[in-house]
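Work through the exercises below with the sequence and coordinates open. Try each task before reading its solution.

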Amino acid sequence: MKVIEIFDSIDGEGIRTGQCATFIRLAGCNLRCSYCDTVYSLFGEETPCEYTEMTVDEIISKVNMTYKRVTLTGGEPLVHTDSAELVLKLTEIGCDVNIETNGAVDIVDFLGKVPKSDNLFFTIDYKLPSSGMTDKMIWNNFINLRPCDVIKFVIGSDEDMNLTIDIVKKLKQVYTEMPHIYLGAVYGMYDAQKLVNIMLKEPVLCDATFQIQLHKVIWDPEERGV
């Protein structure tokens, strides 16, 4: 597998915010979001993508078993054919795995390759218009989630906000028990106060969670390996 970096830090977003975890960042992505903050993990960009070839077992040997929490990220981790084997083995040794995925890879197909799925959850992005990638979203992904999974909306414009409200309304018609809904602002692009005020006034967002990217508050926003 093509590995950009493996490091220990705290989860900066989502339902494990602030908890210690081992991050496994894989190379390559099938999207090109306008605000991507991990361009160094992409192929075909101005700066060459630097990675290390590692086997599944070599990757697992780097996981901190004190935490037994792993965040699998990228790039887009699910474009790797060995991701299912990696996740399966991680769950078998008792790790809880958070898979950060971009909404443009079939997660239903992926889950079919991982029989033991109680110890894993998805944090899946719904890419909004400011990302430039909305047309790549696989709607089937978003209507086949479990209550433990997370849908993340990253708001960069009023158009993004309006679409988020529309999507959440549609999802509430599908689910009897909703996945977690998390909302955040594109860093340096959309006013967080404005986003919170909208959440307070919009009934469909009454159970959503506002989040900030903690690692960009604690460390320099450009710092890697944190």
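## Exercise 1: Confidence

Task: In this predicted model, find which helix has the lowest confidence and which has the highest.

Solution. Confidence is lowest in helix 7 (residues 214-218), with a mean pLDDT of 79. Confidence is highest in helix 1 (residues 56-60), at 98. Now set these against the whole protein. The average pLDDT is 93, and 99% of the residues score at least 70. Keep one caution in mind. Where pLDDT is low, predicted coordinates should not be read in detail.

## Exercise 2: The nonpolar core

Task: Identify the residues with the most contacts inside the largest nonpolar core. Then list what Ile151 touches.

Solution. Start with the count: the largest nonpolar core has 53 residues. Those with the most contacts inside it are Leu90, Ile151, Phe153, Leu183 and Leu205. Next, look at the source of the core residues. Helix 5 (residues 158-174) supplies the largest share of this core, five residues.

Then take Ile151. Leave out residues up to four places away in sequence. Ile151 then touches Ile124, Tyr126, Phe142, Leu145 and Leu171, as well as Pro179, His180, Ile181 and Tyr182.

## Exercise 3: The largest pocket

Task: Give the volume of the largest pocket, the residues closest to its centre, and the element that gives the most to its lining.

Solution. The volume is about 1,200 Å³. The lining has 48 residues. Closest to the centre are Glu13, Asp37, Thr38, Gln213 and Lys216. Several elements each supply at least two lining residues, among them strand 1 (2-10), strand 7 (150-155) and strand 8 (180-185). Helix 7 gives the most, with three residues. Recall that helix 7 is also where confidence is lowest.

## Exercise 4: A cis peptide and its surroundings

Task: Locate the cis peptide bond between Gly74 and Gly75, then trace the contacts of Gly75 and Thr38.

Solution. Omega of the Gly74–Gly75 bond is about 15 degrees. Gly75 lies in the loop between strand 4 and helix 2. Beyond four places in sequence, Gly75 touches Leu26, Gly28, Cys29, Thr38, Ser41 and Leu42. Cys29 is 46 residues away along the chain, yet the two C-alpha atoms are separated by 4.7 Å.

Switch to Thr38, in the loop between strand 2 and strand 3 (52-53). With the sequence exclusion of four places applied, Thr38 touches Arg25, Gly74 and Gly75. Thr38 and Gly74 are 36 residues apart in sequence and 7.7 Å apart in space, C-alpha to C-alpha. Is Thr38 buried or exposed? Its relative accessible area is 11%. The cut-off for buried is under 20%, so Thr38 is buried.

Key
Residues are numbered from 1 along each chain as its sequence is written. This is a predicted model: local features need pLDDT of at least 70, side-chain atom pairs count only at pLDDT 80 or more; totals for chains, interfaces and linings use all residues. Side-chain values use heavy atoms; hydrogens and water are left out. pLDDT is the predictor's confidence in each residue, from 0 to 100. Helices (H or I, at least four residues) and strands (E, at least two) are DSSP runs, numbered from the N terminus. A nonpolar core is a set of buried Ala, Val, Leu, Ile, Met, Phe, Trp, Tyr and Cys residues joined through side-chain atoms within 4.5 Å. Buried means under 20% relative accessible area, exposed over 50%, partly exposed in between (1.4 Å probe, protein chains only). Contact means heavy atoms within 4.5 Å. On a 1 Å grid over the protein atoms alone, a cavity is a set of points where a 1.4 Å probe fits but cannot get out, and a pocket is an open set with protein on both sides within 12 Å along at least five of seven lines; lining residues have an atom within 4 Å of a point. Grid points are joined across faces, edges and corners, and a volume is the space filled by probe spheres set on the points.
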